[in-house]
Amino acid sequence: MTPSFAQAPTYTWNSGEVPVFDETTVVIDQDETSGSVYTYLAVDGSASGQLNNFTADLTLKKTSNSTTPQLSLIDIFGKSNVEFGGSSLNLSITTDIAGGGNDMVDAFFLGSSNASTVISADTTNITVKTTDTNGKSAYGIAADAGKLFLTGSQVNINVETATDRDETNYSESIGLDVSGAQVCGSANAVMNVNMVSSGSNETGKFEDHSNSDYNGNWWGASPVTAVKLEGGSLVFEGTINATVSANAGNATGLAVTNYFATTENGQNWNNAAGKINNFNATVSSQSGRAAGISVEYVPDETSDKTNVILVMDGVSNISVSTEEGEAYGIYMDGETKVDVKNNMNVVATAGENRTAYSLSVNEGSLSLNGASNSLTGDVKLTGGSEVKFANGTTTIDGNVTSEDSSSIDVNNATIDLAEGNTLQAEKFNSTKGTVRLSSTAEDTIRIDELTGDELNVVASSRLGNQFASVQDAAKALGDSITIVNEAGTSTDVILTGEESDILGSWQVGANGEVIARENTKLASMRGLNAVAFAAWRDEVAYTNQRMEYLRDHSHAYGAWAQVYGGESSYEDKTDLKTTTIQVGADTAVGNWVIGATFSYMNGDADLVRGTADTDAYTLALYGERRFDSGLFVNGLARYGRLSTDAKSGNMDSSYDNNAFSVGGNVGFRFNFAQQAFVEPTFGLQYAYVMGDDYKASNGVKVEQDNFDALIASLGSRVGFNFPKDAGKIFARVSVNHDFLGEIDGKASNGIAVDDMYVDLGGTWVSYGVGMQFNVTDSLSVWGNADRTTGGDVSTNYMLNAGIRYVF
């Protein structure tokens, strides 16, 4: 049961004795309060100590149209030094009592420069609601003076206002308001601020009003701000998450200004400085202004100049939207300074015929130093302002304009201008800066006064895909820019193009010539075709080695297996490492040895740009006849299925090839003293690989032509037999020539075409050494090492090991 009171309860904490609370859930009628301010817990004097797990839930109900009293759940005054700790701190205050101006309701008010307050509770929940349409200004925490330390894990602030002023009065609602205090948030702290304004009246700003105490404030639906600095300082080393929504009122995630005016305190100018680590804001207003960050300076002609400074140390993610108002990711007005040290992502959207700015800077100075920034919405500089981009890439999906002697400074940084947008700047300074374009039109870039050492204008890969040649791309890029050096300066403007899906990268030389480079993705695919086809083509040698073994052991028929692996390379574009398992069986049929074999080859390729995986499944039939004179002849027929998966840049490809080959060898074996032998041989092989047409992930269509190879080989094997038939060692060498060997095809994106030609024809030398041991009468093992030199594809090494066991 909720108690009723003749007089609203009030608790005082003014010493080292922490108060004990009889009522923490309280409903109070307006006429039960006395004085101009009602405070539930007044912390004053020399209060000290720690209050743990404190909970207070207040509801104050109006009984008249009077705006008295102002309402505060906790007031901090005097020289107090107190801490609110424990596992939780829960504060809630709701009222429908009327208000006017900044006549306020708050959960926490800090009003003494001599006071220090710590909120260390693991979780703090603060809720403030004003429900009357002519209600009070609402604040979660109002830090007017003193020091506040937020050291707990989580601070949740929820403020809801229905206040809807007419054109003669103003209001505001703020989650954390710093107007003169020093507020610090620890690195482990997360502050979640949720703000809602449901007012529907049109809003406007008081400027040069007959009552100067109103200047800078807004009439109409109450504006809502998650965090506001209007004097004093805020250092928040943790994370602030702001969700702000308004119907007709303005909505702001973070505001910094040197000025405020109230009916109680008049006009005030103060230094305002904020330093915030991570900041995430989702801000929306149906018909008012929506701003993620608002930084404003109001001139004060009566005193020394005050400063407005904001530093964003961590990552910032800002989303702002409006249907009928204006949206600003960052809004700066006056002589302000904002330094963004880490990545910033801004999305600003507005309804039809409305304006959305990711950045709007008037007179101020903004620095973006993150390695990767993203801005969706127009960028506008006015009033001699400056925006600096340093040491990173900023993607801008919006038009960029700089006027009224404002300037853009790009220092070792890139502005990546999205398709369909333009950059129009009066002043532009570039220190090895880059502007990257994804579309071209007249005056896509217009710079009236360029200074600095070098400006690179780059055609993106997306833009390159629109042209059939690098010459066409270079001409379109040059025609889309108008850049004039400032009088007396000579900044270099360098035109280049990124590699696109078909075209290679390019640069316009000093004499206007276009210097083109090979497309690395297509070069990778050409190189992959070369090594994969050559590896299968040359695999015939290992079945021939089985027939060598049978010549050395005339009755060693039966089942056999061998494993071989190696590395081959094509120019400096592709390296392929393969491992093959081959099994087979053979038998004597008359004067012939007839056999069959199956092999599986797996390969991993390092491409000039990317990687690939290849698989080959091969079935082969072979036969050999030996004559008493030492003459031998053999033949081999193969069928293979080659499968390839490759990733090169943005080009993922999968394709399959059917492969066939037939061939044979003729040779003579000369034996010397039963210990040594020489085998000169001549071989001829024809291979045929059927091309496959495929479409890569980037839309490029590749059409492979069929591949033919006709290879003649002339070589010899020389060996020495160990005594007692223990085995042998041998060396071999051959000269090979491919009379065909041309891989061809084309790659196209529907606009540009490039060939996929590789010539594997020509001459190369193969050589190697090997040995074979008869471990027992039933068990024999063998191995050899080979390599090639000459030719476009070279085998750096090929290692082979085999075993045969007779049961």
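In the predicted model, isoleucine 494 is located in strand S45, which spans residues 492–497. Apart from neighbours within four places in sequence, isoleucine 494 is in contact with Glu454, Leu455, Asn456, Val457 and Gln507.

At the level of domains, the chain is divided into domain 1, covering residues 1–292, and domain 2, covering residues 520–806. A distance of 80 Å lies between the C-alpha centres of domain 1 and domain 2.

The largest nonpolar core comprises 164 residues, of which Tyr40, Leu41 and Phe54 touch the most other members. Helix H3 (residues 520–538) makes the greatest contribution to this core, giving nine residues. Because residues of this core come from both domain 1 (1–292) and domain 2 (520–806), the core lies between them. A second, separate core has 11 residues, including Val540, Met547, Tyr549 and Val593.

When its neighbours within four places in sequence are left aside, leucine 41 is in contact with Tyr11, Trp13, Pro19, Phe21, Leu51, Phe54, Leu73, Ile74, Asp75 and Phe84.

A search of the whole structure identifies seven cavities of 30 Å³ or more. The second largest cavity has a volume of about 100 Å³, and its lining consists of Gln545, Glu548, Tyr549, Asp552, Arg717, Phe730, Met771, Gln772, Trp782, Gly783 and Asn784. At least two lining residues are supplied by each of helix H4 (540–552), strand S64 (762–774) and strand S65 (779–789), with H4 providing the largest share, four residues. The lining of this cavity contains four nonpolar, four polar and three charged residues. Tyr549 belongs both to this lining and to the second, separate core.

The second largest pocket has a volume of about 360 Å³. Its lining is formed by 20 residues, and those closest to the pocket centre are Arg551, Ser554, Arg626, Phe627 and Asp628. Strand S50 (592–607), strand S51 (610–626) and strand S52 (631–648) each contribute at least two residues to the lining of this pocket. The largest share, three residues, is that of S51. Classification of the lining of the second largest pocket gives seven nonpolar, seven polar and six charged residues.

Particular backbone features were also found in loops. Threonine 68 and proline 69 are joined by a cis peptide bond, with omega about 5°. Proline 69 is situated in the loop between strand S5 (55–61) and strand S6 (70–76). Positive phi values occur at two further positions described here. Glutamate 363, although not a glycine, has a positive phi of about 75°; this residue lies in the loop between strand S32 (356–362) and strand S33 (365–368). With a relative accessible area of 40%, glutamate 363 is partly exposed. Asparagine 412, likewise not a glycine, has a positive phi of about 50° and occupies the loop between strand S38 (400–411) and strand S39 (414–417). The relative accessibility of asparagine 412 is 41%, so this residue counts as partly exposed.

Methods: Residues are numbered from 1 along each chain as its sequence is written. This is a predicted model: local features need pLDDT of at least 70, side-chain atom pairs count only at pLDDT 80 or more; totals for chains, interfaces and linings use all residues. Side-chain values use heavy atoms; hydrogens and water are left out. On a 1 Å grid over the protein atoms alone, a cavity is a set of points where a 1.4 Å probe fits but cannot get out, and a pocket is an open set with protein on both sides within 12 Å along at least five of seven lines; lining residues have an atom within 4 Å of a point. Grid points are joined across faces, edges and corners, and a volume is the space filled by probe spheres set on the points. Ala, Val, Leu, Ile, Met, Phe, Trp, Tyr, Cys and Pro count as nonpolar, Asp, Glu, Lys and Arg as charged, and the others, Gly among them, as polar. Domain bounds come from an automatic or database domain assignment. A nonpolar core is a set of buried Ala, Val, Leu, Ile, Met, Phe, Trp, Tyr and Cys residues joined through side-chain atoms within 4.5 Å. Buried means under 20% relative accessible area, exposed over 50%, partly exposed in between (1.4 Å probe, protein chains only). Contact means heavy atoms within 4.5 Å.
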